[in-house]
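Please keep the sequence and the structure in view while reading.

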Amino acid sequence: QLKLDLLNPRIGKVDDQHAAMQAMSDEQGVKLANLAESIVDEGGLNPMDVFLVLKDEDDRFIVLEGNRRTLALKLLVNPAAMTGLTISSAIQKRVEAASRRFDKGTVEPVRCFEVADRATAATWIDQRHRGEDE
């Protein structure tokens, strides 16, 4: 039920989930495989982190904070989602290997905090990414 944010400032505006996956994998490169492997090796997600989400018109959730983790989880659950994406074969092999060791029970249910709108989310996202600078 988690969707990548098509307005994620890290990747710019994209048109659909596939384009968001491509843009994020381009931006992250090898870090994506590192994150996927870390989730598997550590037995799940960092318990101190939650996903910040906004319910959409389809009763699914747009991930406003946690897109990298979301993509890593999506690929661990379904490595075939990399089909059609331009990702190096080395990264694909690492994610596929991690996927074979992945137990989605270690992360489900995914802990989320739902906000009513993007403006509310912006406060928390800004605090996380820029709060210490000011």
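## The second largest pocket

The second largest pocket has a volume of about 300 Å³. It is lined by 13 residues, and those closest to its centre are Gln1, Leu2, Leu73, Glu108 and Val110. Helix 3 gives the most to this lining, with four residues. By type, the lining of the second largest pocket holds eight nonpolar, two polar and three charged residues.

Some terms need explaining. Rolling a probe the size of a water molecule over the atoms shows where empty space is left. On a 1 Å grid over the protein atoms alone, a pocket is an open set of points where a 1.4 Å probe fits, with protein on both sides within 12 Å along at least five of seven lines; lining residues have an atom within 4 Å of a point. A volume is the space filled by probe spheres set on the points, which are joined across faces, edges and corners. Ala, Val, Leu, Ile, Met, Phe, Trp, Tyr, Cys and Pro count as nonpolar, Asp, Glu, Lys and Arg as charged, and the others, Gly among them, as polar. Helices (H or I, at least four residues) and strands (E, at least two) are DSSP runs, numbered from the N terminus.

## Basis of the model

The model is predicted: local features need pLDDT of at least 70, side-chain atom pairs count only at pLDDT 80 or more, and totals for chains, interfaces and linings use all residues. Residues are numbered from 1 along each chain as its sequence is written, and side-chain values use heavy atoms, with hydrogens and water left out.

## The largest pocket

The largest pocket has a volume of about 640 Å³. Of its 27 lining residues, Arg10, Leu64, Glu65, Gly66 and His129 are the closest to its centre. Helix 2 (30-41), strand 3 (61-65), helix 3 (67-77) and helix 5 (118-130) each supply at least two lining residues. The largest share, eight residues, comes from helix 5. The lining of the largest pocket divides into nine nonpolar, seven polar and 11 charged residues.

## Two crossing helices

The axes of helix 2 and helix 3 come within 9 Å and cross at roughly 70°. Axes are lines fitted to C-alpha atoms, for helices over the stretch in contact, and angles run from 0 to 180 degrees between N-to-C directions. The two helices are therefore roughly perpendicular to each other (65 to 115 degrees).

In helix 2, Leu32, Leu35, Ala36, Ile39 and Val40 meet Arg68, Arg69, Leu71, Ala72, Leu73, Leu75 and Leu76 of helix 3; contact means heavy atoms within 4.5 Å. The residues of this contact divide into 10 nonpolar, no polar and two charged.

Four strands form an open sheet in the order 1-3-2-4, with mixed pairing. Strand 1 (2-4) and strand 4 (112-115) are the edge strands, each pairing on one side only. Two strands pair if DSSP finds at least two bridges between them. Strand 2 (residues 51-55) and strand 3 pair in the antiparallel sense over four bridges.

## Backbone details

Most residues other than glycine have a negative phi, and most peptide bonds are trans. Asp59, in the loop between strand 2 and strand 3, has a positive phi of about 60° although it is not a glycine. A cis peptide bond joins Glu108 and Pro109, with omega about -5°. Pro109 is found in the loop between helix 4 (89-101) and strand 4.

Definitions and conventions:
Parallel < 35°, antiparallel > 145°, perpendicular 65-115°, else oblique.
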